[in-house]
Amino acid sequence: MDNRALTRAFRLAAQLLELHDENPFKIRAYEGTASALEALSFPVADVERHGLPDRTGLSKTAAARVAEMLDTGTFEELTRLLAATPPGVVELLNVKGIGPKKIRALWKELGIESPSNCAKPPKTTK
């Protein structure tokens, strides 16, 4: 797994945390991890797992999640968040110009759970 894939996973986790209105400090920690991974000039996968905090500058907690991601392809928090979110809502996160807060409102208040829900014109009766 390359650094870009790791960065995308941690950014997705941050977006999902925001979507579920979780702790803002936790959201910032995931965004910080994504930014730190993005800034690295070497492949994280080549680093010994126990040396991740020293070589990458990540906290021990973030480094443990990176190691879990490298070993299994995911990490526990991301799996939990994806399980709690309809796939179409996750897909909405890819729509430019709409952030997690707006998507949460669309999902919770209007019941929109996919981009296709947004595209359907209202039915009219004559």
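The structure is a predicted model, in which local features need pLDDT of at least 70, side-chain atom pairs count only at pLDDT 80 or more, and totals for chains, interfaces and linings use all residues. Residues are numbered from 1 along each chain as its sequence is written, and side-chain values use heavy atoms, without hydrogens or water.

The protein contains 8 helices and 0 strands. Helices (H or I, at least four residues) and strands (E, at least two) are DSSP runs, numbered from the N terminus. Along the sequence the pattern reads α-α-α-α-α-α-α-α. The C-alpha atoms fill a box of roughly 70 × 25 × 25 Å along the principal axes. Of the 126 residues, 36% are buried. Buried means under 20% relative accessible area, exposed means over 50%, and partly exposed lies in between (1.4 Å probe, protein chains only). Among contacts with a separation of 6 or more, 60% join residues 24 or more positions apart. A contact here means heavy atoms within 4.5 Å.

Helix α7 spans residues 100-110, and its axis lies 8 Å from that of α1, at an angle of about 50°. Axes are lines fitted to C-alpha atoms, for helices over the stretch in contact, and angles run from 0 to 180 degrees between N-to-C directions. The α1 helix is therefore oblique to α7. Angles under 35 degrees count as roughly parallel, over 145 as roughly antiparallel, 65 to 115 as roughly perpendicular, and the rest as oblique. From α1, the contact uses Q15, E18 and L19; from α7, it uses P100, K101, I103, R104 and W107. By class, the contact of α1 with α7 has 4 nonpolar, 1 polar and 3 charged residues. Ala, Val, Leu, Ile, Met, Phe, Trp, Tyr, Cys and Pro count as nonpolar; Asp, Glu, Lys and Arg count as charged; the others, Gly among them, count as polar.

Helix α1 (residues 3-19) also meets helix α4 (residues 60-72), where the axes come within 11 Å and cross at roughly 120°. These two helices are therefore oblique to each other. Their crossing is right-handed. L6, A9 and F10 of α1 touch R65, V66, M69 and L70 of α4. The α1 contact with α4 has 6 nonpolar residues, no polar residues and 1 charged residue.

A13 is found in helix α1. This residue is buried, with a relative accessible area of 0%. Beyond its neighbours within four places in sequence, A13 contacts Y30, F75, L78 and L81. The C-alpha atoms of A13 and E31 are 8.5 Å apart, across 18 residues of sequence.

T56 belongs to helix α3 (residues 52-56). T56 is buried, at 11% relative accessible area. A polar atom of the T56 side chain lies 2.4 Å from the backbone oxygen of L52. The T56 side chain also reaches the backbone nitrogen of L58 at 3.3 Å. Leaving out residues up to four places away in sequence, T56 touches L40 and F42.

G99 sits in the loop between α6 (87-92) and α7. G99 is partly exposed, with a relative accessible area of 28%. Its C-alpha atom is separated by 26 Å from that of T61, 38 residues apart along the chain.

How values were computed: A crossing is left-handed if the near helix is turned anticlockwise from the far one by less than a right angle, and right-handed if clockwise. A polar contact is a pair of N or O atoms within 3.5 Å; within protein, one must be able to donate a hydrogen and the other to accept it, and residues adjacent in sequence count only if both atoms are side-chain atoms.
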